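Dear colleague,

Please find the structure below, handed over for your own work. My notes on its side chains follow directly after it.

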Amino acid sequence: MTVQGEIMSISENYIRRLIIKVACDTTGDSAEELIERGRLEIPARDAIEFVVRLEALFDCTLGWLRYEPLSIEIDEFSAIVSDALNARTSTASTLSRPQEDLV
């Protein structure tokens, strides 16, 4: 994690590792087999729980709450989570800055 001014930036590699941990905690898969596969293969019954856990962990909204299997490359999903976090951080930094006069 890096801090730029007052905005914290979380690396995509760190996000990837947390995604793997949450996936393993949710499905019972081993990290080694998940990394070797390189792909999240989460059954429908676990997919919502997985996304809810990630959203709570990162305090962001991913908009992925569907009762269907979740099948996606780990790196692609890491980018989606990173984008959601960056959007939230960008919005928060914009809201905390005073507005400049437009006159």
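Predicted model: local features only at pLDDT ≥ 70, side-chain atom pairs only at ≥ 80, totals over all residues.

Ile-48 lies in helix 3, where helices are DSSP runs of H or I with at least four residues, numbered from the N terminus. At 31% relative accessibility, Ile-48 counts as partly exposed; the term covers values between buried (under 20% relative accessible area) and exposed (over 50%), with a 1.4 Å probe and protein chains only. Together with Val-52, Leu-65 and Tyr-67, Ile-48 makes a nonpolar surface patch of about 390 Å². Such patches are made of residues with over 30% relative accessible area and no salt bridge, nonpolar side chains (Val, Leu, Ile, Met, Phe, Trp, Tyr) being joined within 5 Å and like charges within 9 Å. The areas come from the Shrake-Rupley method with a 1.4 Å probe, and for residues only the protein chains shown count as cover.

Residues are numbered from 1 along each chain as its sequence is written, and side-chain values use heavy atoms, with hydrogens and water left out.

Helix 3 also holds Asp-46. Asp-46 is buried yet has no salt bridge, and the nearest side chain of opposite charge, Arg-45, is 4.1 Å away. Here Lys and Arg count as positive and Asp and Glu as negative, whereas His and the chain ends are not counted. A salt bridge requires a side-chain nitrogen of Lys or Arg within 4 Å of a carboxyl oxygen of Asp or Glu. Leaving aside neighbours within four places in sequence, Asp-46 is in contact (heavy atoms within 4.5 Å) with Thr-26 and Thr-27.

The rings of Phe-50 and Phe-77 have centres 5.8 Å apart and planes at 35 degrees, so the pair is tilted. By the rule used, rings of Phe, Tyr and Trp (its six-membered ring) pair if their centres lie within 6.5 Å; planes under 30 degrees apart count as stacked, over 60 as edge-to-face and the rest as tilted. The pair links distant parts of the chain, with Phe-50 in helix 3 (residues 44-58) and Phe-77 in helix 4, 27 residues apart. Phe-50 is buried at 0% relative accessibility, and Phe-77 is buried with a relative accessible area of 0%.

As for the salt bridges, the count comes to six. One of them joins Arg-16 and Asp-75, whose closest N and O atoms are 2.7 Å apart. This pair links distant parts of the chain: Arg-16 belongs to helix 1 (residues 12-27) and Asp-75 to helix 4 (residues 74-96), 59 residues apart. Arg-16 is partly exposed at 21%, and Asp-75 is partly exposed at 49%.

Asp-25 and Lys-21 also form a salt bridge, at 2.7 Å from N to O. Being four residues apart in helix 1, Asp-25 and Lys-21 are separated by about one helical turn. Asp-25 is partly exposed at 44%, as is Lys-21 at 45%.

Asp-29 and Arg-37 meet in a salt bridge of 3.3 Å, N to O. Asp-29 has 23% relative accessibility and Arg-37 has 35%. Elsewhere, salt bridges that share partners join Arg-39, Glu-41 and Glu-73 into one network.

With kind regards

Technical notes
Helix = DSSP H or I, 4+ residues; strand = E, 2+ residues; numbered from the N terminus.
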